[in-house]
Amino acid sequence: MKIIFVRHGHPNYKDDCLTELGHPQAEAAAKRLKNEKIDKIFSSSCGRAFETAEHIAARHNLQITQLDFMREIHWGVPGTDDFIHPWESVDKWVQNGKDMIGYDWKNDPEYKDRTVLKSYNKVVEGFDGWMKTLGLEREGSYYRITKENNDTIMLVSHGGSSSVVFSHIFNLPFPFVCKTIRPNFTAITEVSFSGKTGELVSPRFELVNDARHINGITAENYFGR
């Protein structure tokens with residue numbers, strides 16, 4: 001099975017939709033993916049992700065299934081204006097020489113008491129439940145194949161929620177993923193799971209953060225939501 005992750009196009013966050021720039025970006029991604037064999041298309045239930053998915057689905061004559069658990073993550077301290085963006089936080093870690101790999105990031109003050117950790121766990125739980133329906137059941141650090149599945153699946157979501165997924169399935173610290181994989185608008189990342197029924201398997205990146213299709217369709221390079 002292969003999952004093609006796509007980030008949404010340039011958004012109007014206030015109205016949760018694509019901008020006049022976001023639609024051409026989404027169409028460029030659709031054109032880039034037109035020759036892919038896509039069996040199913042899923043998207044976050046946020047409008048900006050669903051509208052991006054519509055461009056792709058139209059070229060494949062497929063219906064889109066929305067997944068609430070892939071909505072964008074939140075951060076900050078509940079009930080306060082204390083806001084620390086995960087991408088800004090990890091930039092400070094690097095500037096201060098802080099380890100991103102061998103560090104217990106979930107107990108770091110910038111994550112432990114903030115909504116980002118709750119959001120992280122919600123995405124992980126939802127994603128593993130979804131994967132189980134596709135024939136891949138989480139077992140420890142890996143996935144056991146419970147039924148054969150050779151589908152290519154499209155999943156359109158967000159910079160944050162997709163980073164949570166990459167952190168989880170590859171067993172990488174979330175801050176490390178936030179620093180090293182910062183998806184641009186409509187960036188494409190392909191992940192494959194291969195093996196025989198009954199085996200434990202680990203995913204493999206086939207393509208990471210490819211946004212070359214929007215070259216010339218300018219926008220601020222914003223890695224947030």
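## Nonpolar cores

In this predicted model, where local features need pLDDT of at least 70, side-chain atom pairs count only at pLDDT 80 or more, and totals for chains, interfaces and linings use all residues, the largest nonpolar core has 41 residues. A nonpolar core is here a set of buried Ala, Val, Leu, Ile, Met, Phe, Trp, Tyr and Cys residues joined through side-chain atoms within 4.5 Å, and buried means under 20% relative accessible area, with exposed over 50% and partly exposed in between, for a 1.4 Å probe and protein chains only. The residues with the most contacts inside this core are Ile3, Phe127, Trp130, Met131, Leu155, Phe174 and Phe193. At least two residues each are supplied by S1, helix H3 (86-95), helix H5 (115-133), strand S7 (142-145), S8, helix H6 (159-169) and H7, and the largest share, eight residues, comes from H5. Helices (H or I, at least four residues) and strands (E, at least two) are DSSP runs, numbered from the N terminus; residues are numbered from 1 along each chain as its sequence is written, and side-chain values use heavy atoms, with hydrogens and water left out.

Leu155 touches Ile3, Ile4, Phe5, Val6, Phe42, Ser43, Leu67, Met70, Phe127 and Trp130, when residues up to four places away in sequence are not counted, contact being defined as heavy atoms within 4.5 Å.

## The six-stranded sheet

An open sheet of six strands has the order S5-S4-S8-S1-S9-S11, with mixed pairing; two strands pair if DSSP finds at least two bridges between them. Its edge strands are strand S5 (64-67) and S11, each of which pairs on one side only, and neighbouring strands are turned by 20 degrees against each other on average, direction ignored.

Strand S1 (residues 2-7) pairs with strand S8 (residues 152-157) in the parallel sense over six bridges, and Ile3 has Ile153 as its bridge partner in S8. With S9, S1 pairs in the antiparallel sense over five bridges, Lys2 standing opposite Ser192. S9 in turn pairs with S11 in the antiparallel sense over four bridges, where the bridge partner of Ile188 is Asp210. Five of the five residues of S9 are buried, and both of its faces are covered, with Ile188, Glu190 and Ser192 on one side and Thr189 and Val191 on the other.

## Helix packing on and beside the sheet

H2 lies across S1, strand S4 (40-44), S5 and S8, running at about 160 degrees to S4; axes are lines fitted to C-alpha atoms, for helices over the stretch in contact, and angles run from 0 to 180 degrees between N-to-C directions.

Helix H1 (residues 22-32) packs with helix H2 (residues 47-60) at an angle of about 35 degrees, their axes being 8 Å apart. The residues that meet are His23, Ala26, Glu27, Ala30 and Lys31 in H1 and Glu51, Thr52, His55, Ile56 and Arg59 in H2. By class, the contact has three nonpolar, three polar and four charged residues, where Ala, Val, Leu, Ile, Met, Phe, Trp, Tyr, Cys and Pro count as nonpolar, Asp, Glu, Lys and Arg as charged, and the others, Gly among them, as polar.

## The three-stranded sheet

A further open sheet, of three strands, has the order S6-S7-S10, with antiparallel pairing. Strand S6 (136-139) and strand S10 (200-201) stand at the edges with a single partner strand each, so one side of each is left without a neighbour in the sheet. Two bridges join S7 to S10, and Tyr143 stands opposite Val201 in S10. H5 packs on this sheet, touching S6 and S7, and its direction makes about 135 degrees with that of S6.

## Individual residues

Most residues other than glycine have a negative phi. Thr186, although not a glycine, has a positive phi of about 60 degrees; Thr186 is found in the loop between helix H7 (174-180) and strand S9 (188-192) and counts as buried because its relative accessibility is 0%. Asn209, in strand S11 (residues 204-210), has a positive phi near 55 degrees, and Asn209 counts as partly exposed because its relative accessibility is 26%.

Ser163, found in helix H6, is buried, with a relative accessible area of 0%. Ser163 touches Trp87, Phe174, Val177, Ile181 and Pro183, again not counting residues up to four places away in sequence.
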